[in-house]
Amino acid sequence: MNDISPTHPRYHSLLLRDKMAQAYQEGILADTALIAHGRGEAFDYILGEKTNPPANKAIEAATAALLLAKNPVLSVNGNTAVLAGEDMVNLANLIQAKVEINLFYRTPQRVMKVQEVLESAGATEVLGKEDDDYLPLEGLKGPRSRAHPNGVHQADVVLVPLEDGDRAEALVALDKKVITIDLNPLSRTAQKSSITIVDNLVRALPLMMAEVKKLKGCYREDLEKIVNEFDNAENIHNTLDLISQHFKRDERL
Ligand code: ATP
Ligand code: MG
């Protein structure tokens, strides 16, 4: 690990960058994962490296949708496993969701390493392992189409952080409620998903867990109201407004 001083103004971001670089060297991540991370870093910088009000609103709606779900599934790719594997497992255990590995640049070695991360974080059931069955998702080809018959295929609500745009679109077309966490409000994933949390994964997941604890005792009707009143397009628009204000004022949000 590089010697990063905690007094550095961007200490947390640099720690994450270091984690990613190390995971790449250990073979968990493909080189393109680092590029995706860099794009995320750029948007996070513009957003002030903090959770903004539209993200909080999306977190509330996403959590309500997960609590209402019959078959919630949390999908984990390489970046998610490295940055927030433990939080994904904790969230899954809190809401009794399944966890499914979804790697685009899939190799047996990477799958095993991600599985290791998830199981050592306490995951009871991990789907999408190397020898698991899978059924292609309608409308997709190749590694993007891979989904477990008892996992993403059966799910009514899926949490897919840092998802590929085509796949997000295919999941929505299959009538699933698609929740994503993506720092780029303009990505296809952000635009196509049902609920888009424009925030860093490492900040959003602990907030979702706190929200689960807050909403757990609510009546179904109250949770439904939260989900129905949430307007994803409007919420993304509000995020873009924040970004443009930031550029106009030429100061941190
Ligand atoms: P799309 O097909 O959705 O348009 P993309 O090509 O923009 O995808 P991908 O490479 O599929 O992007 O996925 C990376 C996305 O994840 C980027 O939009 C990036 O901003 C976002 N991202 C990267 N790191 C994080 C993070 N830590 N938290 C949240 N989002 C992140
Ligand atoms: Mg994407």
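Biologist: Which residues does Asn-102 touch, leaving out those up to four places away in sequence?
Modeller: Keep in mind that this is a predicted model. Leaving out those sequence neighbours, Asn-102 touches Ser-75, Val-76, Asn-77, Glu-163 and Arg-167.

Biologist: Where does Asn-102 sit in the fold?
Modeller: Asn-102 is in the loop between strand E2 (98-101) and helix H5 (108-120).

Biologist: Is Asn-102 buried or exposed?
Modeller: Its relative accessible area is 10%, and buried means under 20%, so Asn-102 counts as buried.

Biologist: What does the side chain of Asn-102 make a polar contact with?
Modeller: With the side chain of Glu-163, at 3.5 Å.

Biologist: Let's switch to the metal. Which residues coordinate the magnesium ion (ligand 2)?
Modeller: Glu-163, through its O atom, and Thr-189, through OG1, at 2.2 to 2.5 Å. The pair links distant parts of the chain, with the two residues 26 apart. Glu-163 is in the loop between strand E6 (157-159) and helix H6 (165-173), while Thr-189 is in helix H7.

Biologist: Are Glu-163 and Thr-189 buried or exposed?
Modeller: Both Glu-163 and Thr-189 are buried.

Biologist: What about the database? Where does UniProt place the "binding site" feature?
Modeller: The UniProt record, an unreviewed entry, puts "binding site" at Arg-17, Arg-39, Asp-182, Leu-183, Asn-184, Arg-188, Thr-189, Asn-200 and Leu-201. They span 185 residues in sequence and the farthest two C-alpha atoms are 24.1 Å apart, so they don't all gather at one spot.

Biologist: Which of that set are in the lining of the largest pocket?
Modeller: The lining takes in Arg-39, Asp-182, Leu-183, Asn-184, Arg-188, Thr-189, Asn-200 and Leu-201.

Biologist: Then tell me about Arg-17. Where is it found?
Modeller: Arg-17 is in helix H1 (residues 11-25). Not counting residues up to four places away in sequence, Arg-17 touches His-37 and Glu-41.

Biologist: New topic: how many cavities of 30 Å³ or more does the structure hold?
Modeller: Two. The largest cavity has about 60 Å³ of space.

Biologist: Which residues line the largest cavity?
Modeller: Asn-102 is one of them, and the lining also includes Glu-100, Ile-101, Leu-103, Arg-106, Tyr-134 and His-148. The elements giving two or more residues to that lining are E2 and strand E5 (146-147).

Biologist: Last one. Where does Asn-232 lie, and what does it touch beyond four places in sequence?
Modeller: Asn-232 lies in helix H10 (residues 232-249). Asn-232 touches Ala-190, Ser-193, Ser-194, Ile-195 and Thr-196. With a relative accessible area of 9%, Asn-232 is buried.

How values were computed: Residues are numbered from 1 along each chain as its sequence is written. Chains are lettered from A and ligands numbered from 1 in the order in which they are written. This is a predicted model: local features need pLDDT of at least 70, side-chain atom pairs count only at pLDDT 80 or more; totals for chains, interfaces and linings use all residues. Side-chain values use heavy atoms; hydrogens and water are left out. UniProt positions are given in the numbering used here, feature names are shortened, and annotations may be inferred rather than shown by experiment. On a 1 Å grid over the protein atoms alone, a cavity is a set of points where a 1.4 Å probe fits but cannot get out, and a pocket is an open set with protein on both sides within 12 Å along at least five of seven lines; lining residues have an atom within 4 Å of a point. Contact means heavy atoms within 4.5 Å. Buried means under 20% relative accessible area, exposed over 50%, partly exposed in between (1.4 Å probe, protein chains only). A polar contact is a pair of N or O atoms within 3.5 Å; within protein, one must be able to donate a hydrogen and the other to accept it, and residues adjacent in sequence count only if both atoms are side-chain atoms. Donors are N, O and S atoms within 2.8 Å of the metal (3.2 Å for Na, K and Ca); water is not among the atoms, so sites may look incomplete. Grid points are joined across faces, edges and corners, and a volume is the space filled by probe spheres set on the points.
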